[in-house]
Amino acid sequence: MTRCYSVRVQNRQPSLPLLWLISDARNDAALERALARLPRGSGLIYRHYHLPPAERRTRFRRLRRAARRFGHLVVLSGDAATARCWGADGAYGSPRLLAPGPRILRLTTVHSLHELAQTRRADALLVSPVFPTASHPGGAVLGPVRFRLLAARAQVPVIALGGMTRRRAHGFARWAAIDGLS
């Protein structure tokens with residue numbers, strides 16, 4: 001259980017960035033530089049599942065500070081209560097993980113029509129994988145056409161994820177990347 005000694009109260013829902021950088025073990029060394037290169041008002045989704053809890057929180061604080069210098073939103077992968085406790089602008093995860101908890105920006109992952117039907121409290125969806133990814137080599141991909149079919153059924157904004165690069169992002173209103181931005 002995460003102890004929360006200071007709760008950051010958020011009076012309004014932040015506007016949803018068009019561009020999102022997602023943290024991972026493989027891009028960790030480049031994150032500060034990548035945050036500095038993103039357009040002002042972009043977003044960071046902090047995952048860092050590879051770190052033990054105390055180190056994960058310490059690294060989160062450093063990256064949150066760096067992101068805030070450039071006006072970026074910071075979203076924590078995890079439940080909404082922990083995200084609020086850590087001072088994140090939102091929480092990222094599966095629909096099941098994000099259902100309970102305080103009112104905070106919620107980003108959830110969707111890989112299929114079935115998962116889309118399960119989303120209830122999301123403010124935006126990360127629909128993936130659009131293209132082949134280093135995260136899941138050889139895995140099935142949606143492709144741009146199936147991505148657009150899923151996006152058309154969404155009731156909230158959609159963020160394209162999976163093998164996204166600046167070149168591939170043309171025609172996608174919102175997109176996110178791990179390697180493609182770091």
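Helices and strands are named here as DSSP runs, helices of at least four residues and strands of at least two, numbered from the N terminus. In this predicted model, Thr 119 has its place in the loop between α5 and β6. Thr 119 counts as buried because its relative accessibility is 18%, and buried means under 20%. The side chain of Thr 119 reaches the backbone oxygen of Leu 116 at 2.8 Å, while its contacts, leaving aside neighbours within four places in sequence, are with Pro 95, Thr 108, Val 110 and Leu 125.

Within α6, which spans residues 143-153, the buried residues are Gly 143, Phe 147 and Leu 150. Seen down the axis of α6, these buried residues fall within an arc of 65°, so they line one face of the helix. The face turned away from that buried side carries the exposed residues Val 145, Leu 149 and Ala 152. An α-helix has 3.6 residues a turn, so residues three or four places apart point the same way.

From here the view widens to the nonpolar cores. The largest of them has 42 residues, and those with the most contacts inside it are Leu 21, Leu 35, Val 127, Met 164 and Trp 175. Leu 35, leaving aside its neighbours within four places in sequence, is in contact with Leu 21, Leu 44, Leu 63, Ala 66, Ala 67, Phe 70 and His 72. Apart from this core lies another, of 15 residues, including Tyr 92, Leu 105, Leu 107 and Ala 124.

Definitions and conventions:
Residues numbered from 1 in each chain as written. Predicted model: local features only at pLDDT ≥ 70, side-chain atom pairs only at ≥ 80, totals over all residues. Heavy atoms only, no water. Core = buried A, V, L, I, M, F, W, Y, C linked by side-chain atoms within 4.5 Å. Buried < 20%, exposed > 50% of the residue type's maximum accessible area, 1.4 Å probe, protein only. Contact = heavy atoms within 4.5 Å. Arc of directions from axis to C-beta. Polar contact = N/O pair within 3.5 Å; in protein donor to acceptor, adjacent residues only side chain to side chain.
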